[in-house]
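Please read them with the structure open beside you.

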Amino acid sequence: MAESRVVPEVDRVAAAQRALQRRRARASLKRDLTTRVVTPQEVLRRATADHDSDAATMRVTDFLMALPAIGSGKRDRILDELGISPVKRLGGLGVRQLAALSTWLDRRFPAAVPRAGRSRLLVLAGPTAVGKGTVAAHIRAHHPEIHLSVSATTRAPRPGEVDGVHYYFLDDAEFDRLVAAGELLEYAVVHNRHRYGTPRGPVDAALAEGRTVLLEIDLQGARQVRAAEPSATLIFLLPPSWDELVQRLVGRGTEDAEERSRRLRTARVELAAQNEFDYRVVNADVATAAREVVELSSVAAR
Ligand code: 5GP
């Protein structure tokens, strides 16, 4: 009957809203791929695990184009090589196509393999605004057995920050003296502004006592520690999504618009370095992320 084919207005509005939400979720997932917040293998896993997921409804062409360094020419060659039609969605790939795509991804984007023989010196780094400081503070509050290194910095204390607890607040001359005396395990200028460094003495003393030591430092510092102490365990903290990272940076409200966009550009570059790290931890929830970091410390100590 004619009436039965008429879709009620409310249903049409609801369907349009659902379609819009889907498109937004897919766009967000594409940003996660482009910024490497999520690995392509993980998106493919989600697509196959749940055929109704956002990943499953993503076109394979969009998926490929969201990957770093793939343009339309390369995309077409890859599809051809893998025998996949460009109209396919990830959730609609056949078994053989899935296997071919997955092999291709593993070759092109190999997963980071933790190096053997990691030490109890843990380095926690990650992009700006990911919440490294919050995770480190949670560990300080709940895991007194872990020695959290107190950095030296030339920046001024923020309200509530205590000298010797949150940082050693130094002037430029004092910082220069530590550098000249070789008393810093690493140091760097962060966000083009102030200098931050890890005093070597307390780290060595805690390690000598058999304790686990955690450094919460920036990427440049993490690289220096790896060069100085190749056995250090490097942990990269990831946001649950790129959009969430943007939200956290905006929500913090401590930077103006220009500074925020500068930090987001830096964050993209920082995310691209995650494969230099031994482990990745997603900071969706502070307590869970802190627990995972602590668990990695016992893996490292074995
Ligand atoms: P904030 O000024 O917000 O406390 O810290 C800014 C940045 O400095 C954070 O990304 C933090 O990881 C980094 N940072 C803190 N201490 C050190 C340090 O000792 N060395 C290095 N390289 N970076 C640090």
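At roughly what angle do the axes of helix α2 and helix α5 cross?

1. **Ground rules.** This is a predicted model, where local features need pLDDT of at least 70 and side-chain atom pairs count only at pLDDT 80 or more, while totals for chains, interfaces and linings use all residues. Residues are numbered from 1 along each chain as its sequence is written, and side-chain values use heavy atoms, with hydrogens and water left out.

2. **The α2/α5 pair.** The axes of α2 (residues 40–49) and α5 (residues 95–108) cross at roughly 160 degrees and come within 10 Å. That makes α2 roughly antiparallel to α5, a term for angles over 145 degrees. Axes here are lines fitted to C-alpha atoms, for helices over the stretch in contact, and angles run from 0 to 180 degrees between N-to-C directions.

3. **Who touches whom.** From α2 come P40, Q41, L44 and T48; from α5 come L98, L101, S102, L105 and D106. Contact means heavy atoms within 4.5 Å. By class, five of these residues are nonpolar, three are polar and one is charged. Here Leu and Pro count as nonpolar, and Asp as charged.

4. **The whole chain.** The protein chain has twelve helices and nine strands. These are DSSP runs: H or I of at least four residues for helices, E of at least two for strands. The C-alpha trace spans about 85 × 40 × 35 Å along its principal axes. Of the chain's 302 residues, 41% count as buried, meaning under 20% relative accessible area; exposed means over 50%, and partly exposed lies in between (1.4 Å probe, protein chains only).

5. **Contacts along the sequence.** Take the contacts in the protein chain with a separation of 6 or more: residues 24 or more positions apart account for 69% of them.

6. **A buried loop residue.** T128 sits in the loop between β1 (121–125) and α6 (132–142). Is T128 buried or exposed? T128 is buried, at 6% relative accessible area. Leaving out residues up to four places away in sequence, T128 touches H191, L245, L249, R252, R263, A267 and E270.

7. **Two positive phi values.** R36 is not a glycine, yet its phi is positive, near 65 degrees. R36 lies in the loop between α1 (9–34) and α2 and is partly exposed, at 33% relative accessible area. N192, also not a glycine, has a positive phi of about 60 degrees. N192 is in the loop between β5 (184–190) and β6 (194–199). With 63% relative accessibility, N192 counts as exposed.

Methods:
Angles under 35 degrees count as roughly parallel, over 145 as roughly antiparallel, 65 to 115 as roughly perpendicular and the rest as oblique.
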